[in-house]
Amino acid sequence: MSGMRHDNRGAANGEATMGFTQRLAAWMEPRWVRHAREDFDRNPAEGWIGIDAWTGAIFTGALKDQLPPKHRLRSGRWRAIGRVDGLDDVLFMARDGRVAWVHMTWQKETDARWPESQIFNSLNEARPGLKDYVAARYPDE
């Protein structure tokens, strides 16, 4: 499941096949996010995959749209760095190194319990929990 599927830096890495919006997303992506996303893509948690800058921007925007005012993730600046392949679970990272998995609802929520999420102090701390989460939520995957 690992390996760069979409590298957004330089024509030698596929830029020639990227559309304008994908190149723009890669260009606008903060360096710390790019590094976190690429590091996760090289070594994803079991059951998770890395994402490209464009997909990360889409998920980051969707999270901002879904969070109700009192949700625990509302106060942070979270950026998407990975996901469970083909499902609604996305891994976000804050600049301070905390990570959170979020089960996206794809609608504006009003109840602070949704979207469902869990915050970890670091990616290393999160890895066992991410693996267990996927195994429990998707036992047949």
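User: In which helix is the place of Phe 20?
Analyst: The structure is a predicted model, in which local features need pLDDT of at least 70, side-chain atom pairs count only at pLDDT 80 or more, and totals for chains, interfaces and linings use all residues. Residues are numbered from 1 along each chain as its sequence is written, and side-chain values use heavy atoms, with hydrogens and water left out. Helices (H or I, at least four residues) and strands (E, at least two) are DSSP runs, numbered from the N terminus. Phe 20 has its place in residues 20-28, which form helix α1.

User: Does Phe 20 count as buried or exposed?
Analyst: Buried means under 20% relative accessible area, exposed means over 50%, and partly exposed lies in between (1.4 Å probe, protein chains only). The relative accessibility of Phe 20 is 59%, so this residue counts as exposed.

User: What accessible area do Phe 20, Leu 24, Trp 27 and Met 28 have together?
Analyst: Accessible areas come from the Shrake-Rupley method with a 1.4 Å probe, and for residues only the protein chains shown count as cover. Patches are made of residues with over 30% relative accessible area and no salt bridge, like charges being joined within 9 Å and nonpolar side chains (Val, Leu, Ile, Met, Phe, Trp, Tyr) within 5 Å. Phe 20, Leu 24, Trp 27 and Met 28 form such a nonpolar patch on the surface, and their accessible area together is about 530 Å².

User: What pattern does the protein chain follow along the sequence?
Analyst: The protein chain has 4 helices and 5 strands. Read along the sequence, their pattern is α-α-β-α-β-β-β-β-α.

User: Which tryptophan is in contact with Phe 40, leaving aside neighbours within four places in sequence?
Analyst: Contact means heavy atoms within 4.5 Å. With those neighbours set aside, the residues in contact with Phe 40 include Ala 45, Ile 49, Leu 91, Leu 123 and also Trp 48.

User: What separates the C-alpha atoms of Asp 41 and Ile 81?
Analyst: Asp 41 lies in helix α2, and it counts as buried because its relative accessibility is 3%. Along the chain, Asp 41 and Ile 81 are 40 residues apart, while their C-alpha atoms are separated by 8.1 Å.

User: Why is the pair of Phe 59 and Trp 106 classed as it is?
Analyst: Rings of Phe, Tyr and Trp (its six-membered ring) pair if their centres lie within 6.5 Å; planes under 30 degrees apart count as stacked, over 60 as edge-to-face and the rest as tilted. The whole structure has 3 aromatic pairs. In that of Phe 59 and Trp 106, the ring centres are 6.0 Å apart and the planes stand at 45°, so the pair is tilted.

User: How many residues apart in sequence are the parts tied together by Trp 101 and Tyr 133?
Analyst: Trp 101 and Tyr 133 form a stacked aromatic pair, 3.9 Å centre to centre with 25° between the planes. Trp 101 lies in strand β4 and Tyr 133 in helix α4, so the pair ties together parts whose separation in sequence is 32 residues.

User: Which residue meets Glu 116 in a salt bridge?
Analyst: A salt bridge is a side-chain nitrogen of Lys or Arg within 4 Å of a carboxyl oxygen of Asp or Glu, and the structure holds 6 of them. Glu 116 is in the loop between β4 and β5, and its partner, 21 residues apart, is in helix α4. At 2.9 Å from N to O, the side chain of Glu 116 meets that of Arg 137.

User: How far apart are the closest N and O atoms of Asp 39 and Arg 42?
Analyst: Both residues lie in helix α2, 3 residues apart, about one turn of the helix. Asp 39 is partly exposed because its relative accessible area is 42%, whereas Arg 42 counts as exposed at 53% relative accessibility. Asp 39 and Arg 42 form a salt bridge, and the distance between the closest N and O atoms is 2.4 Å.
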